[in-house]
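Here are some exercises to work through with the model on your screen. Try each task yourself before you read its solution.

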Amino acid sequence: MTIRVAVAGASGYAGGETLRLLAGHPEVEIGAVTAHSNAGTPLGAHQPHLRSLADRVLVPTSVEHLVGHDVVVLALPHGASGEIAAQLPDDVLVLDLGADHRLASAADWEAFYGSEHAGTWPYGLPELLLTHEPGAAATETKQRERLAGVRRIAVPGCNVTAVTLGIQPGVAAGLVEARDLVAVLANGYSGAGRSLKPHLLASEALGSAQPYAVGGTHRHIPEIAQNLRAAGAPDVSISFTPTLVPMSRGILATVTARLADDAARLDPAALDARVRQAWEDAYAGEPFVRVLPAGQWPTTAMTLGANTALVQVAVDHAAGRVVTVTAIDNLVKGTAGAAVQSMNIALGLPQTAGLTTEGVAP
């Protein structure tokens, strides 16, 4: 089985990381690699680490160059995927790494992105927990089941993945109040893209930390709320503050949530045990999400280059809150790795094909 894959936006960070993973995929043949302003130049001029693909010439991002493939990955800016995707055949698997098709609510899209909503696609976070109305048949417990056989997938936002995987077990188990969430993230600069901006210059970034999108303005907020509602939260309110820190890649997401009333009444030792069991049960058997042994805390370095999310959880008894810390590589589990994992599931391949849980150190 050989799967021909085209990557649009191949000169950017997300497109380059997707190509790195696909180059090691046992079932994939890389087809067209496209770009906008960099069309006509060799891929190696923009992704010099991809030696096996360095001589490939970037072609313009157009439907003409994307048709004829089994899979098309759109690593394009927000708002650019909808028009192209609408012109691709229905039998082509299209994975959108941008935000265009993630949100179910057109009102949320318009409020945070300020343009017309392109529609909603199946959501590419296989480990997303799904809850069901009382009495409903629980035939689907995770988003993975909803990805089998689909031909359109919206890949999650990187921050969304880190926050969701960190706190959703407590939401699904009824242990925390999703109406009182606080998330503070340390983000590598690759999450800001490759465009030249003054605050992204090395002279501004090195030795400094920069908060951004403070005060409820970050575009990932409605996506996080959407995920936690899927996990069982009737209402979601989150204070979300990302901070750029001087590292190239990685996200360390610290999320705290107020204990639910029933949980808060438990004996401290019983509460600790119940919380830990909920997180371990949620990810039992998952190849890419690991709850670390008690007392070991995630670091971004542990996940470098790997499709892993490393999670730890503790109870702050004095504050009456659950604290979770989650580390991911924003370009792998946060973007390209999630796309390849979802592609594998949609095509009936082992979800681990072409992906690794082994990080790069030091």
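**Exercise 1.** Find the bridge partner of Pro211 in strand 9.

*Solution.* Step 1: this is a predicted model, in which local features need pLDDT of at least 70, side-chain atom pairs count only at pLDDT 80 or more, and totals for chains, interfaces and linings use all residues. Residues are numbered from 1 along each chain as its sequence is written, and side-chain values use heavy atoms, with hydrogens and water left out.
Step 1: strands 8 and 9 run antiparallel and are joined by two bridges; strands pair if DSSP finds at least two bridges between them.

**Exercise 2.** Work out which strands stand at the edges of the open sheet.

*Solution.* Step 1: write the order of the seven strands, 8-9-7-10-13-12-11, with mixed pairing.
Step 1: strand 8 (210-211) and strand 11 (289-291) each have a single partner strand, so one side of each has no neighbour in the sheet.

**Exercise 3.** Decide whether helix 8 is largely enclosed or left open by the rest of the structure.

Terms used:
Buried < 20%, exposed > 50% of the residue type's maximum accessible area, 1.4 Å probe, protein only. Helix = DSSP H or I, 4+ residues; strand = E, 2+ residues; numbered from the N terminus.
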